[in-house]
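This report describes selected backbone and side-chain features of the structure shown below.

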Amino acid sequence: MGIAAALGLLSPFPFYYWLWTYPQTWVDLCGKGRDPCTVMAYVSHFLKLIQFLSLFSVSTFTWPPLLYFWPLIAFGQFLNFRVYQLLGESGTYYGVRFGKNIPWVTEFPFGYIKDPQYVGSILSLLACLWWVPFRYILLWTLGYVVMILVESKEDPTTRAKPTS
């Protein structure tokens, strides 16, 4: 396994762990006048770019992909877009941990699929098995599984206090 590719694939997860576990440090670092969710989104997009570049560096592209690609990528991305549509930036990027009041959502896929954004991301990764060696898909997926476990143990007393 290429060490650089593996590190690139894993790069966002320490960041997400830190923000989930110690949200007040992020809110304080962002300071007054800067929305911690928006700043997290910018950093997350940069880290996602590193992940994609790492994945592309170990990929072998051939066309057309096997038929399983289309339903997996379509449903996986549908779940990701739907979660963002329902939760918005603040709900997607740890707003509740940063002291924001995020309304509880029960529309599909919430209430039907546990952790729908992670499920969508994992399905999208599995769709790429035609091009990417399994070990890299597995590594990235394990990162998501760890975050599912971390985020399943939310302690409301550790939520950040918004800067005023």
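## The loop between helix 5 and helix 6

In this predicted model, Y94 lies in the loop between helix 5 and helix 6. Y94 is not a glycine, yet its phi is positive, at about 60°. The residue is buried, with a relative accessible area of 7%.

D115 belongs to the loop between helix 5 and helix 6 as well, and its phi is also positive, at about 55°, although D115 is not a glycine. With a relative accessible area of 24%, D115 is partly exposed. Most residues other than glycine have a negative phi, and most peptide bonds are trans.

## Cis peptide bonds

The peptide bond joining F108 and P109 is cis, with omega about 15°. P109 is located in the loop between helix 5 and helix 6 (116–127).

A cis peptide bond also runs from W63 to P64, where omega is near -5°. P64 sits in the loop between helix 4 (36–57) and helix 5 (69–92).

## Salt bridges

Four salt bridges are found in a search of the whole structure. Side chains of opposite charge can pair when their charged atoms come close. In the salt bridge between K100 and D35, the closest N and O atoms are 2.8 Å apart. This pair links distant parts of the chain, 65 residues apart: K100 is in the loop between helix 5 and helix 6, and D35 is in the loop between helix 3 (23–30) and helix 4. K100 is partly exposed, with a relative accessible area of 27%, and D35 is partly exposed with a relative accessible area of 27%.

E107 pairs with R82 in a salt bridge whose closest N and O atoms are 3.2 Å apart. Here E107, in the loop between helix 5 and helix 6, is linked to R82 in helix 5, 25 residues apart. E107 is partly exposed at 46% relative accessibility, whereas R82 is buried at 18%. R97 and E154 form a salt bridge with an N to O distance of 2.9 Å. It connects the loop between helix 5 and helix 6, which holds R97, with the segment after helix 7 (134–151), which holds E154; the two residues are 57 residues apart. R97 is buried, with a relative accessible area of 2%, while E154 is partly exposed at 23%. R97, E154 and R159 are linked in a network of salt bridges.

## Annotated transmembrane regions

An unreviewed UniProt entry annotates residues 49–70 and 122–150 as "transmembrane region". In the model, residues 49–70 are 50% helix and 0% strand, and their end C-alpha atoms lie 22 Å apart. Residues 122–150 are 79% helix and 0% strand, with end C-alpha atoms 17 Å apart.

Notes
Residues are numbered from 1 along each chain as its sequence is written. This is a predicted model: local features need pLDDT of at least 70, side-chain atom pairs count only at pLDDT 80 or more; totals for chains, interfaces and linings use all residues. Side-chain values use heavy atoms; hydrogens and water are left out. Helices (H or I, at least four residues) and strands (E, at least two) are DSSP runs, numbered from the N terminus. Buried means under 20% relative accessible area, exposed over 50%, partly exposed in between (1.4 Å probe, protein chains only). UniProt positions are given in the numbering used here, feature names are shortened, and annotations may be inferred rather than shown by experiment. A salt bridge is a side-chain nitrogen of Lys or Arg within 4 Å of a carboxyl oxygen of Asp or Glu.
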